[in-house]
Amino acid sequence: MKYIKNVALLVVGLYVTTLFFIYLDLEEKRPIISLFKLFQSNSSLEVIDYALDETDKKKTPISSNKDRNAYYGDLHVHTKHSFDAYIFGVTASPDDAYSWAKGKTIKHPLGFDMKNDEPLDFYAVTDHGFFMGMMQAYADPSGKMSNYEFTKAFHNLNDPENVTVESAGQRSNIFSSILAAAIIDPYPLWHPKVIKAYFNNHTQFALRAFDDRIHKSAWADVARAAEEHNDPGTFTTFLGYEYTTSSDVEGGNLHRNVIFNSSKGPIRPWTRIDSINPEDLWTWQDNLRAKGVDSVAIPHNSNGSNGQMFEVESFYGEALDREYAEKRMRNEPIVEITQVKGTSDTHPLLSPDDEWADFEIMDRRVGSRPPTYSMPAGSYVRDAYLRGLTLEFMLQGNPYKFGLIGSSDTHVAAASFDESDFWMKVGVLDGTAENRGTVPLSEENIGRLEEYMQAFNQPDSTKTLEQGEYANTGFTQWGASGLAAVWSEENSRDSIFNAFKRKETFATTGTRMAVRFFAGYNLEKIDLDSDSLISEAYESGVTMGSELLHNEDKRHPQFIIWAQQDKNSAPLQRVQIIKGQMNMNSGKPSEKIYDVACSDGLEVDPITNRCPDNGARVNINDCSISKNVGASELKTLWEDPDFDPSQKAFYYVRVLENPTCRWSTWDAIKAGYKPREDLHETIQERAWSSPIWYIPAYEDIDVIPLGGTVELRNFD
Amino acid sequence: MKKKITIFLILGLLIYFIDILNNDDKYTKDIYISDQEINSLVIAWESQVGRKPNQNELINILNDYIQEEILYREALALGLDENDRIIKRRLAQKITFLKQETFLEKPPIDEIINFYKSNIDLYYINPTFSFTHYFFSNEENGKKRAEVFFEQLVNKTTLSKSDPFLLGKNFAYKSSDEIDRDFGMNFSNHFNIMQTDIWSKPIQSSFGFHIVKIVDKQEGYLPDIKDIFSQVELDYANNIKEQLLEKYIMDVRAEYNIIINPNFKIE
């Protein structure tokens with residue numbers, strides 16, 4: 001009896017001691033010996049090979065092109081496993097997503113067909129890592145999560161009869177209030193699950209609303225679907241997920257998609273519950289890389305980051321240094337410049353001399369309630385490139401030397417690129433023109449919308465315009481964009497992933513333009529009309545995503561730009577070079593835009609650097625466009641008239657199509673209305689290449705910024 | 001006085017019985033589709049697709065509607081009652097799901113093999129082409145130059161200049177779909193009638209004109225069932241599900257009369 005009592009006392013004693021040390025550790029009052037750290041394992045670093053053990057399929061051989069082919073895809077796709085997608089009525093699985101990408105029609109939550117007339121070359125399902133798969137478990141009234149009180153609101157949420165436009169208000173409420181409260185509800189500190197969370201480095205164990213088994217099986221489903229649909233030579237899939245983090249105080253969006261290079265991946269995604277600091281994500285990626293699992297993280301919606309995506313200081317406000325720059329570039333070689341929630345090239349306030357800057361601007365912080373303005377500085381790609389030059393000038397390294405892709409961020413498994421057939425992205429919420437705010441609301445919908453907008457803490461639910469009351473949902477700032485494109489030898493995981501790493505990528509707003517971009521010092525020797533143009537350009541120059549070192553003989557660099565139209569979209573209007581440079585004497589960055597090739601035989605005006613108007617117009621009554629205006633391809637050799645060999649610079653290409661109707665115009669005219677007077681009626685679809693960075697010789701620089709030393713000057 | 005009450009009573013009973021008889025209407029086997037209904041279906045279709053449906057599409061729309069109506073009524077007969085346009089469609093979907101769920105057990109291998117044999121076109125790997133081409137861009141009078149060039153090829157005289165093509169000169173193992181994706185305008189249609197190693201006449205693409213030579217054609221083939229077994233198994237299961245639903249609809253549809261205005265025209 002006494003023996004049992006002693007054992008019991010010992011167990012309780014050990015338990016209390018453990019709790020005490022965990023308490024010290026969690027509260028950052030580190031014990032002298034971090035003994036307990038020795039017993040911790042990191043569950044997020046366990047690597048699984050998700051490859052299917054199938055006998056090799058007999059296949060036609062994969063063709064490889066050393067001059068590289070253009071492949072188009074989407075690296076940002078959500079399915080029912082994402083918490084928000086499920087709440088917005090989506091039941092489509094990763095299998096459905098991949099089937100759609102390969103050309104199959106699937107259904108929108110509201111019951112209409114989502115077609116894909118032109119299959120994609122690659123596709124990655126990237127569900128939110130955070131609470132992946134959990135919503136479906138909440139919705140099951142007989143499952144084990146159903147015992148929790150908060151899951152009541154979820155029960156049978158996505159049964160067919162419940163997926164209606166009318167349910168948008170209820171769904172928004174679940175999204176904004178019920179879920180938000182549920183996910184931050186932890187077990188008390190003494191609970192064994194808290195101890196388990198501590199020893200596994202897996203905070204989510206300590207949350208009541210979380211179930212590890214369900215979570216991992218959703219992740220395994222994502223991986224299995226990626227493996228099953230991967231078809232080297234024809235269609236490439238990637239294992240991936242979205243790391244959905246934001247800054248603590250101001251709610252700046254810091255979302256990133258993580259894309260893995262093979263069938264190997266972690267046993268669970270590493271999420272914002274593990275850490276909200278993206279620098280920790282990169283550490284995790286580095287650790288996985290050491291275990292043979294390579295990955296890239298792709299930031300998106302910097303436009304909604306309130307200046308925090310491309311900050312000049314770290315997450316905790318420290319000065320950036322070269323180590324930070326290297327770590328960031330090692331893990332984030334590319335950035336998503338365009339998607340449904342707006343385009344992040346630049347903002348009219350940042351680029352007042354860019355006539356094309358006012359393009360698909362989404363000026364709110366992502367997910368802010370009520371909608372709150374997002375500060376442009378630090379939120380746009382061009383500004384980031386300039387900031388990179390400034391940081392480098394200050395000897396802090398350049399963390400913003402990234403390439404560009406586009407993607408959709410669809411939440412209904414199928415991406416929506418077509419202005420004339422646009423279903424936007426969040427299911428029940430934006431599946432109708434009325435909710436998108438492009439046609440006036442009917443009487444009965446005004447009340448419904450009020451309920452829906454209240455859930456989003458938006459007091460002005462409607463907007464009164466010429467033709468009536470419109471939904472003020474903010475969706476009018478969203479758009480039918482974009483595509484990720486790469487130049488790679490073949491359509492396979494390795495080949496495309498390597499293109500991401502070397503930044504040989506370009507982005508489009510959804511149409512399949514193609515653009516080549518080379519820089520070098522002897523490019524004038526290449527015959528632009530020769531079949532060997534590309535192989536010669538690769539030989540004697542560098543391509544998009546690369547650095548161009550200064551020339552010994554002080555020659556000026558030359559650029560070859562070659563763009564081709566999308567055969568199903570409008571012809572090309574012009575090709576531009578966007579240049580940013582750092583004045584190495586004053587430390588002042590600046591930007592300039594040059595038209596370099598014009599359609600219809602027009603010539604660039606050497607004073608304004610602009611092409612004359614080619615006369616392409618859109619008929620707003622039926623969206624028809626001018627015939628026989630514009631180019632099927634534009635090709636040129638260009639020299640920078642303002643080149644200064646001592647100044648650091650970057651150059652990227654922007655290709656502009658002739659104008660076409662914007663999706664909001666299509667919505668209106670299809671319903672028999674005029675387009676809204678306060679929106680752009682037309683857009684110019686466009687493509688951006690990754691930049692080429694010019695690196696001057698360091699002897700040419702004679703001013704040293706404060707705090708710098710001569711020795712440190714010896715960079716690159 | 002008593003007499004009056006009896007009359008009222010009898011009248012009351014009469015009204016009651018008439019009411020009962022009328023209520024039976026709910027279970028009629030006639031489906032009457034009014035012109036108005038068809039018009040509203042057409043408008044709904046148009047608002048999604050952006051144009052009016054053609055004859056075939058209209059038939060499909062009507063068939064969908066009839067199917068929906070039948071499933072709806074069957075659902076009503078099951079007691080899932082409530083007269084709302086959206087509930088109606090949702091109930092139809094619900095019964096669809098119910099009927100599909102009934103097939104769950106693992107299918108026998110023989111049946112899967114039979115399915116494979118009777119659906120070989122599903123698994124047939126399409127032929128691919130390896131080819132090279134001369135390109136003449138739309139931007140520089142492509143048609144004329146291509147014709148001149150073709151003459152020179154035929155007469156074996158000195159060749160004039162062609163243009164580089166952005167997607168490259170040589171293409172390997174491209175299926176028809178892939179060729180059309182790169183060149184547009186059903187470009188690959190010409191390939192089926194072309195002979196290997198002979199230059200074609202100029203063919204128009206979305207970007208200009210091309211003179212093409214097929215270097216190698218990989219014939220299409222049917223992969224062995226062993227290599228694609230899991231795929232066939234999945235397709236078989238899906239097929240059975242669809243069949244069950246179809247059979248269910250056909251069984252029930254036989255009990256219905258469908259009435260549509262034979263003179264209906266789209267406005």
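Two strands count as paired if DSSP finds at least two bridges between them. By that criterion β14(A) and β15(A), which are joined in a hairpin with 2 residues between them, qualify with 4 bridges in the antiparallel sense. The structure is a predicted model. In it, 45 residues of chain A are in contact with 36 residues of chain B, and chain B contains an open sheet of 4 strands.

**The hairpin of chain A**

- Strand β14 of chain A covers residues 462-465, and strand β15 of chain A covers residues 468-471.
- Within this pairing, A:Lys463 has A:Tyr470 of β15(A) as its bridge partner.

**The sheet of chain B**

- The strands of the open sheet follow the order β3-β2-β5-β4 (chain B), and their pairing is antiparallel.
- The edges are held by β3 (170-175) and β4 (203-204) of chain B; each has a single partner strand, so one side of each lacks a neighbour in the sheet.
- Helix α8 of chain B, residues 176-183, packs on the sheet and touches β2, β3 and β5 of chain B. The direction of helix α8 makes about 130° with that of β3(B).
- Strand β2 (residues 128-137) and strand β5 (residues 208-218) of chain B are paired in the antiparallel sense over 10 bridges.
- In β5(B), B:Ile211 is the residue that stands opposite B:Tyr134.

**The interface of chain A and chain B**

- The two chains bury about 3,400 Å² between them, and 52% of this area lies on carbon and sulfur atoms.
- Of the area that chain A buries against chain B, 18% is supplied by A:Asp531, A:Gln564 and A:Lys567, more than by any other three residues.
- The rule finds 8 residue pairs in polar contact across this interface, with both residues at pLDDT 80 or more.
- On the side of chain A that touches chain B, the elements giving two or more residues are β18 (514-520), β21 (558-564) and β26 (633-639) of chain A. The largest share, 3 residues, comes from β21(A).
- By residue class, the side of chain A that touches chain B divides into 16 nonpolar, 11 polar and 18 charged residues.
- There are 3 salt bridges across the interface of chain A and chain B.
- A salt bridge joins the side chains of A:Asp527 and B:Lys161, with an N to O distance of 3.0 Å.

**Salt bridges in the whole structure**

- Over all chains, a search of the whole structure finds 52 salt bridges.
- The side chains of A:Glu332 and A:Arg256 form a salt bridge at 2.3 Å, N to O.
- This pair links distant parts of the chain, its residues being 76 residues apart. A:Glu332 lies in the loop between α9 (322-331) and β11 (334-339) of chain A, whereas A:Arg256 belongs to strand β8 (residues 256-260) of chain A.

**Backbone geometry in loops of chain A**

- Most residues other than glycine have a negative phi, and most peptide bonds are trans.
- The peptide bond from A:Ser481 to A:Gly482 is cis, and its omega is near 0°. A:Gly482 is located in the loop between β15 and β16 (483-488) of chain A.
- A:Arg68, a residue other than glycine, has a positive phi near 70°. A:Arg68 is placed in the loop between β1 (47-49) and β2 (69-77) of chain A.

Methods: Residues are numbered from 1 along each chain as its sequence is written. Chains are lettered from A and ligands numbered from 1 in the order in which they are written. Side-chain values use heavy atoms; hydrogens and water are left out. Contact means heavy atoms within 4.5 Å. Axes are lines fitted to C-alpha atoms, for helices over the stretch in contact, and angles run from 0 to 180 degrees between N-to-C directions. Buried area is the accessible area (1.4 Å probe) that two parts lose on being put together, summed over both. A salt bridge is a side-chain nitrogen of Lys or Arg within 4 Å of a carboxyl oxygen of Asp or Glu. A polar contact is a pair of N or O atoms within 3.5 Å; within protein, one must be able to donate a hydrogen and the other to accept it, and residues adjacent in sequence count only if both atoms are side-chain atoms. Ala, Val, Leu, Ile, Met, Phe, Trp, Tyr, Cys and Pro count as nonpolar, Asp, Glu, Lys and Arg as charged, and the others, Gly among them, as polar.
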